[in-house]
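Here is a short report on a protein model. Please look at the structure first, then read on.

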Amino acid sequence: MKKYSKIIFVIFLIIFSAGLWLLNSNITRVPLLSDDNFYFVKGQVQEVIEDNTTNKEVNGGSQTVKVKITSGKYKGKTCEANNMNGYLYGTYCKKGTKVIVQLSSFGEELSGSIYGFDRGAFIWIIIAILGVALFLVGGKRGIKSMLALVFTFICIIYLYIPLMYIGFSPFWAAVIITIITTIVTMYLISGIAVKTLCAILGTVIGVLLAGLSAWLFGRVADIDGYNVSNIETLAYVGQITNIQIGGLLFSGILIASLGAVMDVAMSVSSAISEIHDKAPQLGCLELFKSGMNVGRDMMGTMSNTLILAFVGSAVSELVINYAYNLPFRQIINSYNIGIEIMQGVSGSIGVILTVPAVAVVTAWMLTRGAHAKNEGNVAE
C-alpha cells in the first residue's frame, strides 16, 4: 500500500481539483451591490492637491490627491481621487504612497476615491516568512506542513463556502471539509501508517463532538445562528441567496476547533505508536493508559489555546463593557458573550474528548495488529 500511496494521492488531488473547478464554474453569484463602472485598482499618489486632515497621520479629515493608476485597463493614466482618512477606509496619503483606488469611469473621464493602503505585497511577504520559518525549523516536514496549510485554505475558499452558497447544509459542509483536510494533512505529515489512520478518526470524532456540544449549549442557552452581531447583513444575504444562515454559527465552530483537535489527535496517536514500537509487549490497556497520560498534559494547554483565541477575538467588546461599567448580569446574558463562551467551551470539550477517543482507537489497532501477527506465527 505504501508503494502506491503517492500515486493514489496524486490521482486524488487531480480528481479533487477537477471537482473544485466544476463546482465553482457552475456557480453564478447574485450581485448584491451595483458595480457599474466601478473598479478596484492599484495606484500611487503623485501629488497631494488639498489636505484637510486635522493632525496628519491621525485618522480624520480628508484629502484630494492625484493618483497614477498602476494596474487594470487604465494603467498609466492619472486621475484625482478623494481620500476620507477614516478608521476603516482611506489612509493618510503622501507623495509616493501606494494605495488601492475605487475607480469610476464616465466616458474618458476618470474619478476615484482612496479605498485604503495597498498592503498586498506585505501580506505575501509575511506568508513567505512563514514558509521559510517552517522550512528552517521543520525541514522537509515543514514544507509539507505549509502545503497542508495551503490545501486547507483552498478547501475553505473553493469548497466550503461555495457549498454553503448553493444551499448545502453548513454543518455537513464543515464535516466534509474536516474529513478531507484532516486526511490530506495527516498523510502529508505522517504518510500511510496506523497512527495516521487513528489520528484521522480521532480528529473527526473530536470535531463532531465539539459541534454537538455547541448545538446542545445553544439549545439550552437559547442561542442560535440568528443571534450573531451582523445578522442584519446575513439575513439580507440569506434572502437573496440559498445560504442557510442559521447553521453558519455552529459550522464555524467545527472549523475553528479543527486545528487544536487535529494537533491533540496526532500527538496522542504518535506517542502511543512510539511506545508500542519500543515496548511491543505492552497490551491494549497499558497503551491506552499511556496515551491518556500524554493527553492529560495536552488538555489544559489546548483548552487554554482555544478559549484564549475566542477571547482574543472578543477583546474589543470586553474593553467596551469594562469601560461602560456594565453590570455582570447584563454582560453574561448578552448574546455576543454567550456565543464566545459557547465557542470556547465546546471547542475545549472536543479537545478533551478527543484524547480518550484517539487513545482507545490507537491502542486497539496497534495491539490488534500485533495479536494477529502472533497468531500467524503460532499457526506456522
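## A strand residue

Q102 is partly exposed because its relative accessibility is 25% (buried means under 20% relative accessible area, exposed over 50%, partly exposed in between; 1.4 Å probe, protein chains only). Q102 sits in strand β4, residues 98–106 (helices, H or I, at least four residues, and strands, E, at least two, are DSSP runs numbered from the N terminus).

Q102 touches F38, Y39, F40, S111, G112, S113 and Y115, leaving aside residues up to four places away in sequence (contact means heavy atoms within 4.5 Å).

## Basis

This is a predicted model: local features need pLDDT of at least 70, side-chain atom pairs count only at pLDDT 80 or more, and totals for chains, interfaces and linings use all residues. Residues are numbered from 1 along each chain as its sequence is written, and side-chain values use heavy atoms, without hydrogens or water.

## Helix α6

Helix α6 covers residues 248–278 and has 31 residues. Helix α6 bends by about 40 degrees at L258 (the angle between axes fitted to the seven residues ending there and the seven starting there).

S273 lies in α6. S273 counts as buried because its relative accessibility is 12%. Not counting residues up to four places away in sequence, S273 touches K195 and L366.

## Packing with α4

Helix α4 (residues 194–221) packs against α6 at about 145 degrees, axes 7 Å apart (axes are lines fitted to C-alpha atoms, for helices over the stretch in contact; angles run from 0 to 180 degrees between N-to-C directions). Residues in this contact include G202 and G206 of α4 and L258 and S273 of α6.

Terms used
Expected span 1.5 Å × (residues − 1).
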